[in-house]
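Thanks, everyone, for making the time. I would like to walk through one model this morning, starting with the overall fold, going on to the helix packing, and ending with a few individual residues.

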Amino acid sequence: TGVTPNILCRMALILSFEENHKARADVTDLNGSEFNLSTLFGEAGPLYEAIMKMSHGNLSHKGAQLALAAHIDNGVDKLKRAKSVEDLMNF
């Protein structure tokens with residue numbers, strides 16, 4: 001699609017939140033791409049943090065990391081069908 005991985009991860013995260021996915025940290029695979037929070041969220045970091053707290057309450061650092069990865073994995077499964085930017089816009 002030509003869309004950068006950090007933007008795709010943001011989209012995946014929001015898709016997962018929209019469907020009210022209950023992220024399970026015990027099934028999360030942390031192998032794969034790594035982003036620092038400023039690259040992943042940009043200036044919207046506090047917004048994503050608030051959404052995580054609304055969805056999961058207060059989590060430990062490791063718990064938040066696992067829940068975030070689980071949400072991104074869930075959303076990426078949906079985005080895999082996209083072959084173009086137009087496909088992404090349909091989400």
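The protein chain has 5 helices and 0 strands, and from the N terminus on its elements run α-α-α-α-α. Please keep in mind throughout that this is a predicted model. Of the 91 residues in the protein chain, 29% count as buried. If we take the contacts with a separation of 6 or more, residues 24 or more positions apart account for 80% of them.

Let me turn to the packing of the helices. Two packed helices are described by the angle between their axes and the distance between the axes, and I will give both values for each pair.

I begin with helix H1, residues 5–18, and helix H3, residues 45–56, which pack at an angle of about 30 degrees with their axes 12 Å apart. That angle makes H1 roughly parallel to H3, because an angle counts as roughly parallel when it is under 35 degrees. The crossing in which H1 passes H3 is left-handed. On the H1 side the residues involved are Arg 10, Leu 13, Ile 14 and Phe 17, and they meet Tyr 48, Ile 51, Met 52 and Ser 55 in H3. Sorted by class, the residues of this contact of H1 with H3 divide into 6 nonpolar, 1 polar and 1 charged.

How do H1 and H4 cross, and within what distance do their axes come? The axes of H1 and H4 come within 7 Å and cross at roughly 95 degrees, which makes H1 roughly perpendicular to H4. From H1, Leu 8, Cys 9, Met 11, Ala 12, Leu 13, Leu 15, Ser 16 and Phe 17 take part, and in H4 they meet Leu 68, His 71, Ile 72, Asn 74, Gly 75, Val 76, Lys 78 and Leu 79. The contact of H1 with H4 has, by class, 11 nonpolar, 4 polar and 1 charged residues.

The next pair is H3 and H4, which pack at an angle of about 95 degrees with their axes 11 Å apart, and that makes H3 roughly perpendicular to H4. Here Met 52, Ser 55 and His 56 in H3 meet Ala 64, Ala 67, Leu 68 and His 71 in H4, and the residues of the contact divide into 4 nonpolar, 3 polar and no charged.

Is His 71 buried or exposed? His 71 has a relative accessibility of 0% and therefore counts as buried. Leaving aside neighbours within four places in sequence, His 71 is in contact with Ala 12, Leu 13, Ser 16, Phe 17, His 21, Ala 23, Met 52, Ser 55 and His 56.

Asn 74 also has its place in helix H4, which covers residues 61–79, and Asn 74 is buried, with a relative accessible area of 13%. Its side chain makes a polar contact with the side chain of Glu 19, at 2.6 Å. Apart from neighbours within four places in sequence, Asn 74 is in contact with Ser 16, Glu 19 and His 21.

A further residue of helix H4 is Val 76, and the relative accessible area of Val 76 is 30%, so this residue is partly exposed. Val 76 and Arg 10 are 66 residues apart in sequence, while their C-alpha atoms are 9.8 Å apart in space.

Finally, let us move to Leu 40, which lies in helix H2, residues 37–41. Leu 40 counts as buried, because its relative accessibility is 4% and the cut-off for buried is under 20%. Leu 40 and Arg 10 are 30 residues apart in sequence and 7.1 Å apart in space, taken from C-alpha to C-alpha. Once its neighbours within four places in sequence are left aside, Leu 40 is in contact with Asn 6, Cys 9, Arg 10, Phe 35, Leu 68 and Ile 72.

That is where I will stop, and I am happy to take questions.

Definitions and conventions: Residues numbered from 1 in each chain as written. Predicted model: local features only at pLDDT ≥ 70, side-chain atom pairs only at ≥ 80, totals over all residues. Heavy atoms only, no water. Helix = DSSP H or I, 4+ residues; strand = E, 2+ residues; numbered from the N terminus. Buried < 20%, exposed > 50% of the residue type's maximum accessible area, 1.4 Å probe, protein only. Polar contact = N/O pair within 3.5 Å; in protein donor to acceptor, adjacent residues only side chain to side chain. Contact = heavy atoms within 4.5 Å. Axes fitted to C-alpha atoms, helices over the stretch in contact; angles between N-to-C directions. Parallel < 35°, antiparallel > 145°, perpendicular 65-115°, else oblique. Left-handed = near helix turned anticlockwise from the far one by under 90°. Nonpolar A, V, L, I, M, F, W, Y, C, P; charged D, E, K, R; others polar.
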